[in-house]
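Dear colleague,

Please find below the structure that I am handing over to you. My notes on it follow.

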Number of protein chains: 2
Amino acid sequence: MDHIGGGEWAAIERIRALLPSPPANEIWIGDDAAAVAPPPAGPLLLAADLVVEGVHVDLALVGLDDLGWKAISVNVSDMAAMGGRPLHALVCVAGPPETDLGLLYTGIAAACQEYRCAVVGGDLSNAERLTVAVAVTGECPGGRPVLRSGARPGDYLVVTGGLGRSAAGLAALLHAATADGADGATGGAAAVAAGAEANIDAHRRPRARVSEGMVAAATGATAMIDVSDGMAMDVRHLAEASGVGVDLSTVPLDPFGSVTEEQALFGGEDYELLFATPDVDAVLDAFATEGLRAPIVIGRCTADPAQRRLRGGPLPEGGWEHRWAPAPR
Amino acid sequence: MDHIGGGEWAAIERIRALLPSPPANEIWIGDDAAAVAPPPAGPLLLAADLVVEGVHVDLALVGLDDLGWKAISVNVSDMAAMGGRPLHALVCVAGPPETDLGLLYTGIAAACQEYRCAVVGGDLSNAERLTVAVAVTGECPGGRPVLRSGARPGDYLVVTGGLGRSAAGLAALLHAATADGADGATGGAAAVAAGAEANIDAHRRPRARVSEGMVAAATGATAMIDVSDGMAMDVRHLAEASGVGVDLSTVPLDPFGSVTEEQALFGGEDYELLFATPDVDAVLDAFATEGLRAPIVIGRCTADPAQRRLRGGPLPEGGWEHRWAPAPR
């Protein structure tokens, strides 16, 4: 497929062929900038996130297409966490000349199709190690973004799904790779216990919870964040931004996977949404009406801004640190 | 100052302190996404560009603040080339833990102040080598973006200033560094001929030509591109997109610097604008009225789409290739 070393101009033309074409009134890839229709009403949402090989993704364990999927999903998750949905993506890829851009863009295109997000531009460059920087725009169908800072004492804290699957999937991949020795990902996948497949999929192809975020916003969520650094840390981020305490009754483990409580508390990159709401019945009804998975109530916000409690004890500290662990080349 | 290895959360807070604060109705750095006002009318412009240490910038020759300035300017130049102006920037920085983020953001903040562009978000990550990916939004005050593809036979080709200064500045820096041996940038700067200072400034701090692009658009420019790959190549890009030939009468050398014709033809990163217009008198009048430097007519578009002529002979081929030339660490 296409390689970064093969000439930027030719590579851009081939990438364009992998992606949808713009409507007649818009300019996407190929000019100095894209020109698109802004959101018809309400604010424009903007976010950007990096995915760096060896820090966020280990290419000995997942594919280049998975890295592309993830680079889009983590940005779309930022839109979801505001109660918004994505509109456009700009994709910058810096990597070695031998990088298989076709495989990378297969994952990018699949994610953008899933989230109905258009790749409208970007850049390519040589670099020693693969880095993908994506920026996205989005809109708020509800007209008002849900910030991290709006939670009030008494609000319920809700997550959109069980946590820890991505961390459990990574652990399964690492275990299989170690057991397999030098055979790496392919042989490792065969050695993985069948029950871990769903967790591995959650690690390889995390899903941004766009519909869930919009329904949470529509039912009056007062604060929202995506769980990318682990529940223990992201609960703290929301509580600190809002100036509230938290009293949690449960750690939501994913019912489909063999996930430890430690993975759910400290594992990163689940990309479920955590939100606060005064009306949990309205939330449960709306999620059911929309055919979404039932959200999980994990506790309540309290008036003491220093309080961080789980099942009557202190909420453990810690979180997901994206490591700098270069793979041998 | 701040270092990427010092904890992403703390680093983001310190970067925020270096940058302007949002108006009351907007959210910038610190939540999952920024929420800003979209352009009041017309299209939303979007672009993203990478600056990679060792490919686009040699940190033995220029400073981290220069790299930050450049990362913003190359993106703003994309807005200018559409006849637009920038609104917001998202800044992703991947780099080694010892990266001086304070110095980098000094240059980013200076450029954003120059161009009246707000840094509203971004990301930080560890990586082996510094990569800065910036995405910008913009608006078209004229309501209509100027594409590369609108030039017609008979249109005049105009550039907004002399070319080759950045390439001449880079050559002066390289010459000084070589003459100085291991002393590098500081000693090298002292050895530079005084007349080369303006060229070195053009290389270190390229200026995006936002006002010029808006005036060109307002006076009916039919096609526009920024000269980032060298005049010989970017003239071809515009001609190919428009399906016209070009018959050039001159290569515009910068009057203030000692620049060779080769540097002007093939040197990259001048970020002057090249545009086509049917009414060159209107252009010259408007630039004078606005107090802008007089633009330079370099030739005309022709009906033969294969024609590429300079002073009666063939337009030389070639252009600026951003090299992958890692500096020793």
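**The contact between the chains**

The contact draws 50 residues from chain A and 50 residues from chain B, two residues being in contact if their C-beta atoms, placed from the backbone, lie within 7 Å. This is a predicted model, in which local features need pLDDT of at least 70 and side-chain atom pairs count only at pLDDT 80 or more, while totals for chains, interfaces and linings use all residues. Residues are numbered from 1 along each chain as its sequence is written, and chains are lettered from A and ligands numbered from 1 in the order in which they are written.

On the side of chain A that touches chain B, the elements that each supply at least two residues include strand S1 (34-36), helix H2 (64-80) and strand S7 (223-226). Helices (H or I, at least four residues) and strands (E, at least two) are DSSP runs, numbered from the N terminus. S2(A) gives the most to this side, with eight residues. By class, the side has 32 nonpolar, nine polar and nine charged residues; Ala, Val, Leu, Ile, Met, Phe, Trp, Tyr, Cys and Pro count as nonpolar, Asp, Glu, Lys and Arg as charged, and the others, Gly among them, as polar.

**Symmetry**

Chain A is superposed on chain B by a rotation of 180° with 0.0 Å of shift along its axis (RMSD 0.0 Å). That is the relation of a two-fold axis. The same surface serves both copies, as 100% of the contact residues of chain A recur in chain B. The superposition is by least squares on the C-alpha atoms of residues with pLDDT of at least 70 in both copies.

**Within the chains**

Chain A has ten helices and twelve strands. Of its 329 residues, 59% count as buried, that is, with 20 or more other C-beta atoms within 10 Å of their own, the C-beta atoms being placed from the backbone. In helix H6 (residues 197-204) of chain A, the buried residues are Asn199(A), Ile200(A), Ala202(A), His203(A) and Arg204(A). Their cover includes H2 and helix H4 (165-179) of chain A.

In chain B, helix H1 (residues 8-18) and helix H3 (residues 101-115) pack at an angle of about 35°, with their axes 10 Å apart. Axes are lines fitted to C-alpha atoms, for helices over the stretch in contact, and angles run from 0 to 180 degrees between N-to-C directions. Ala11(B), Ile15(B) and Leu18(B) of H1(B) meet Leu101(B), Tyr105(B) and Ala109(B) of H3(B). These residues comprise six nonpolar, no polar and no charged.

With kind regards

Methods. Buried ≥ 20, exposed ≤ 12 C-beta atoms within 10 Å, placed from the backbone.
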